Amino acid sequence: MAKPKRRYVCQSCGSVSSRWQGQCPDCSEWNTLVEDAPQTVFSAKHDLSSGGRAVQFVALDQPIALPQRRKTGLAEFDRALGGGLVPGSAILMGGDPGIGKSTLLLQTAASIANAGGQVVYISGEEASDQIRLRADRLGLGKAPIQLASTTSVRDILTTLGSMDTPALLVIDSIQTMHSDQIEGAPGTVSQVRGCAFELIRYAKETGVALVLVGHVTKDGSIAGPRVLEHMVDVVMSFEGERSHQYRILRALKNRFGAVDEIGVFAMAGQGLEEVGNPSLLFLSGREEPVAGSAVFPALEGTRPVLVEIQALTVRLASGATPRRAVVGWDSGRLAMLLAVLESRCGLSFSSAEVYLNVAGGYRLTDPAADLAVAAALVSALADRPLPSDTAWFGEVSLAGEVRPVAHSGVRLRESAKLGFATVHGPDGAVEKVEGLRFSPIRLLPNLVDRVMSGA
Ligand code: TYD
Ligand code: MG
């Protein structure tokens, strides 16, 4: 048999060379070529028929045994998960340090343990006493959680192997875990991936629901490899401004449910409190109407949330480059909206600094926010407050048309419920809501007229 040829694969671009070189001939990266296993040569007929096992095919219409979800007892957590924890699933809980991940999971663990489920909580970050102190402060000191402080995945799996399978296993955090099978310090890509792989395999084999806490780096991705996000079934993100009280739990990926539901919590002295009706949450103390403030009935999943959008414009002496700063919204979208206001409505923002803020530390992703942002901007530029009992929604196109958006009925009903008298939105088939005046807007210049006339 001929000796198999050596081959070298570039770790950066994946191209294959037959000899080692210092620089990859394809992507020009240096020192990226690594010797790889020789290429397997299949026979021309792809005949691999010996030594394999038959794959079982299933019909699509076979009855499905749906996994029985377990309620965590925290309705907001269950909602974000799509109805509770799925046994055997792996959940990655990401979030900035100090945002409240450990607190949320301790409360969840206590709630399940108090309901009779077995819960194992492993912390690699805090000593057991520290966690017990926190539990005591949260009034959960009596919850029968099995708590341990360790960083060794081997020790964890050995221990779990000799006890009854728990309902929930919390690992806080995956970046502190260490496997002696793998080289490298905890937190390195290979350690994080290897430890997660072992723990997820345990979860799949035994049916325990596994929650891995993962820290987030400055750029917002979960520290360690992106591959972690592919390995788990659910990726959740716990968000909020640390200076604000409110925390939002969002699913970024969910193999068992929708990803558009959010859970809302408030961080209080007694831990995280659930906010069942978040509608008014983000309307910061609005008493006197001020220029540059507009209310937007946003939709998070199936739930309406009224948020206040604040804009500020500052005239600049000519020549300086004006700043645009955005908190809670997409800066590209703001640039687009400013361009549309300039070219379709003749308003000039080019010599003004523009600041845009979504109140309460909320991050808007709903495309229907355009009209409310435009209303806030026009109101700020003209220094004319909008009536405090009006709300605005609709998507704005580059041509300056106000486009219909989904769920307008829900937005209107929620606005009416919270005492708003008028809602401005896209023209179209909109249901009538009692006690509310719906005022359709077709084009952006109409919005400018309305703001100027104080309608
Ligand atoms: P923590 O759960 O430790 O955050 P993470 O695990 O995401 O790093 O929460 C830490 C913050 O929460 C801390 O700054 C204090 C605050 N906190 C409260 O305000 N009230 C409480 O009851 C608790 C337990 C924490
Ligand atoms: Mg923590």
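Let's start at H407, which sits in the loop between β19 (402-403) and α9 (408-417). This is a predicted model, and in it phi of H407 is near 60 degrees, a positive value in a residue other than glycine.

D383 is a non-glycine residue with a positive phi, near 55 degrees. You'll find D383 in the loop between α8 (370-382) and β17 (390-392). D383 has 10 other C-beta atoms within 10 Å. The cut-off for exposed is 12 or fewer, so D383 is exposed.

While we're on backbone details, please look at D172 and S173. The peptide bond joining them is cis, with omega at about 0 degrees. S173 itself belongs to the loop between β7 (168-172) and α5 (189-206).

Now, the ligand. Which residues are closest to ligand 1? They are G100, K101, S102, T103 and G271, out of 14 residues that surround ligand 1. Helix α2 (residues 101-114) gives the largest share of that shell, with three residues. If you like to think in side-chain classes, the shell around ligand 1 has eight polar residues, four nonpolar and two charged.

Next, a pair of helices. Helix α7 (residues 331-345) packs with helix α10 (residues 444-453), their axes 9 Å apart and at an angle of about 85 degrees. Angles of 65 to 115 degrees count as roughly perpendicular, and α7 and α10 are therefore roughly perpendicular to each other. On the α7 side, the contact is made by V340, L341, R344 and C345, and α10 brings L444, P445 and V448. Six of the residues in this contact are nonpolar, one is charged and none is polar.

Let me zoom out to finish. The protein chain has 455 residues, 37% of them buried, and it contains 10 helices and 21 strands. Its C-alpha trace spans about 85 × 65 × 50 Å along the principal axes. The chain is divided into domain 1 (1-38), domain 2 (75-276) and domain 3 (293-453). Between the C-alpha centres of domain 1 and domain 2 there are 40 Å.

Conventions: Residues numbered from 1 in each chain as written. Chains lettered and ligands numbered in written order. Predicted model: local features only at pLDDT ≥ 70, side-chain atom pairs only at ≥ 80, totals over all residues. Near = placed C-beta within 6 Å. Helix = DSSP H or I, 4+ residues; strand = E, 2+ residues; numbered from the N terminus. Nonpolar A, V, L, I, M, F, W, Y, C, P; charged D, E, K, R; others polar. Axes fitted to C-alpha atoms, helices over the stretch in contact; angles between N-to-C directions. Parallel < 35°, antiparallel > 145°, perpendicular 65-115°, else oblique. Contact = placed C-beta atoms within 7 Å. Buried ≥ 20, exposed ≤ 12 C-beta atoms within 10 Å, placed from the backbone. Domains from an automatic or database assignment.
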